[in-house]
Amino acid sequence: MNKIKINKDYKDKISEFEELQNSLDYKIKKTIEAIKKSEPEIFFEIIAEMNNIFSRHFSEEEKILRKFKYPAYNAHTLEHRTFLKNTQSYRRRTEDDQKTLSDEIINLLKYWKTYHADGSDKIYIPFIRLQMFFSSNPA
């Protein structure tokens with residue numbers, strides 16, 4: 001029986017990919033902490049940074065999904081666009097509404113982590129791993 005060798009590039013790609021996914025959990029946690037203890041003058045800076053962090057994260061994730069022709073790419077990216085649209089709407093609201101906004105943002109981030117990061121993202125991971133393996137270990 002032939003033994004399959006795991007290409008080092010494949011291992012490196014998987015590590016990089018998993019690091020990208022794990023970084024989202026950390027970013028959500030840090031954003032929630034910052035919102036909970038923020039002063040009014042920096043609250044909207046936190047929202048702007050949150051939008052930048054997620055935009056960059058989604059861009060990297062979508063590159064991977066495109067590269068490996070993930071079959072549910074359009075549906076997955078629609079979830080990203082909807083999330084960003086929601087978070088961007090927070091920037092347009094007034095400073096008078098900070099407490100309500102804080103609660104809404106925290107609830108959105110918790111929902112996002114449960115539904116998307118721990119749900120939708122977990123669905124494509126086996127597909128991407130398989131595609132990475134086959135692209136790094138040609139027959």
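User: Where in H4 does the kink lie?

Analyst: In this predicted model, where local features need pLDDT of at least 70, side-chain atom pairs count only at pLDDT 80 or more, and totals for chains, interfaces and linings use all residues, the kink of about 40° lies at Lys122, shortly before the proline Pro126. Residues are numbered from 1 along each chain as its sequence is written, and side-chain values use heavy atoms, with hydrogens and water left out. The bend is the angle between axes fitted to the seven residues ending at a residue and the seven starting there; helices are DSSP runs (H or I, at least four residues) numbered from the N terminus.

User: And how do the axes of H3 and H4 cross?

Analyst: The axes of H3 (residues 73-91) and H4 come within 11 Å and cross at roughly 170°, the axes being lines fitted to C-alpha atoms over the stretch in contact, with angles from 0 to 180 degrees between N-to-C directions. The two helices are therefore roughly antiparallel, a term for angles over 145 degrees.

User: Switching topic, how many aromatic pairs are there?

Analyst: A search of the whole structure finds 9, counting rings of Phe, Tyr and Trp (its six-membered ring) with centres within 6.5 Å. The rings of Phe83 and Trp112 have centres 4.3 Å apart and planes at 40°, so this pair is tilted, since planes under 30 degrees apart count as stacked, over 60 as edge-to-face and the rest as tilted.

How values were computed:
Parallel < 35°, antiparallel > 145°, perpendicular 65-115°, else oblique.
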